[in-house]
Amino acid sequence: MTETAIFAGGCFWCMVKPFDQQPGIKSVISGYTGGTVANPTYEQVASHTTGHTEAVKITFDPDVISYADLVEIYWRQTDPTDASGQFQDRGDSYRPVIFVNSEAQRRTATASRDALAASGKFAEPIVTTIADAKPFYPAEAEHQDFYRRNPFRYQIEEMGGREAFIKQHWQ
């Protein structure tokens with residue numbers, strides 16, 4: 001049996017690898033969710049007119065890795081204090097959102113967010129949104145498994161602030 005989790009944390013290219021390399025992960029698909037247009041293209045989403053955000057849809061085996069574990073991995077890829085995008089990626093299509101599929105996921109994500117806020121790890125408020133899952137549209141083929149197919153370009157993206165932020169706040 002598998003379950004799914006959907007996370008938006010800036011550029012979807014940078015959100016695949018941290019999940020893809022975990023035991024129990026069946027697939028990590030880059031795509032678009034949360035908007036008003038069916039089957040949007042990358043160009044439409046990048047125009048900031050559809051309301052979508054770039055996200056990853058993770059199919060996982062909950063007997064091997066829990067949803068709570070995935071949420072913890074998610075936090076460590078993002079700046080949860082920045083609602084206007086993530087690192088060099090600015091705008092609503094890069095906003096941080098945990099899209100939940102069930103009340104159980106909502107409870108887990110909310111408890112995790114509250115614990116992070118109470119931890120004092122960040123001086124600023126935690127602004128990552130927790131929202132009901134919306135239709136998820138896989139991105140075009142060139143956006144799938146980007147870190148494997150384009151390692152140099154992926155490394156450039158990581159150096160746009162994400163890598164330094166993770167080292168400063170999460171390691």
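1. Is alanine 164 buried or exposed? Alanine 164 counts as exposed, because its relative accessibility is 53%, where exposed means over 50% relative accessible area, buried under 20% and partly exposed in between (1.4 Å probe, protein chains only). Alanine 164 is found in helix H7, and its C-alpha atom is separated by 26 Å from that of tyrosine 67, which lies 97 residues away along the chain. Helices (H or I, at least four residues) and strands (E, at least two) are taken as DSSP runs and numbered from the N terminus.

2. A word on the basis of these points: this is a predicted model, in which local features need pLDDT of at least 70 and side-chain atom pairs count only at pLDDT 80 or more, while totals for chains, interfaces and linings use all residues. Residues are numbered from 1 along each chain as its sequence is written, and side-chain values use heavy atoms, with hydrogens and water left out.

3. The largest nonpolar core has 38 residues, of which Phe7, Phe19, Ile58, Tyr67, Leu70 and Ile98 touch the most other members; such a core is a set of buried Ala, Val, Leu, Ile, Met, Phe, Trp, Tyr and Cys residues joined through side-chain atoms within 4.5 Å. Helix H3 (residues 67-75) supplies the largest share of this core, 6 residues. Apart from it lies another core, of 6 residues, among them Ile6, Ala55, Phe99 and Phe136. In soluble globular proteins, nonpolar side chains tend to be buried together.

4. Leaving aside neighbours within four places in sequence, isoleucine 98 is in contact with residues including Ile6, Phe7, Tyr67, Val71, Tyr74 and Trp75, and also Ala109, Thr128, Thr129, Ile130 and Ala131, contact meaning heavy atoms within 4.5 Å.

5. Helix H1 is mostly covered, with 7 of its 8 residues buried, namely Trp13, Cys14, Met15, Val16, Pro18, Phe19 and Asp20. Aspartate 20 counts as buried because its relative accessible area is 19%. The side chain of aspartate 20 makes a polar contact with the side chain of arginine 148 (2.7 Å); a polar contact is a pair of N or O atoms within 3.5 Å, where within protein one must be able to donate a hydrogen and the other to accept it, and residues adjacent in sequence count only if both atoms are side-chain atoms. Beyond its neighbours within four places in sequence, aspartate 20 is in contact with Ile25, Val28, Asp145, Tyr147 and Arg148.

6. The largest pocket holds about 180 Å³ of space. On a 1 Å grid over the protein atoms alone, a pocket is an open set of points where a 1.4 Å probe fits, with protein on both sides within 12 Å along at least five of seven lines, and lining residues have an atom within 4 Å of a point. The elements giving two or more residues to the lining are helix H1 (13-20), helix H6 (151-158) and helix H7 (162-170), and the largest share, 4 residues, comes from H7. The lining divides into 4 nonpolar, 3 polar and 5 charged residues.

7. Two backbone angles deserve a look. Histidine 48, in the loop between helix H2 (42-46) and strand S3 (53-60), has a positive phi of about 60° although it is not a glycine, and histidine 48 is partly exposed, with a relative accessible area of 36%. Phenylalanine 87, in the loop between strand S4 (85-86) and strand S5 (89-90), has a positive phi near 60°, and phenylalanine 87 counts as buried at 15% relative accessibility.

Notes. Points joined across faces, edges and corners; volume = space filled by probe spheres on them. Nonpolar A, V, L, I, M, F, W, Y, C, P; charged D, E, K, R; others polar.
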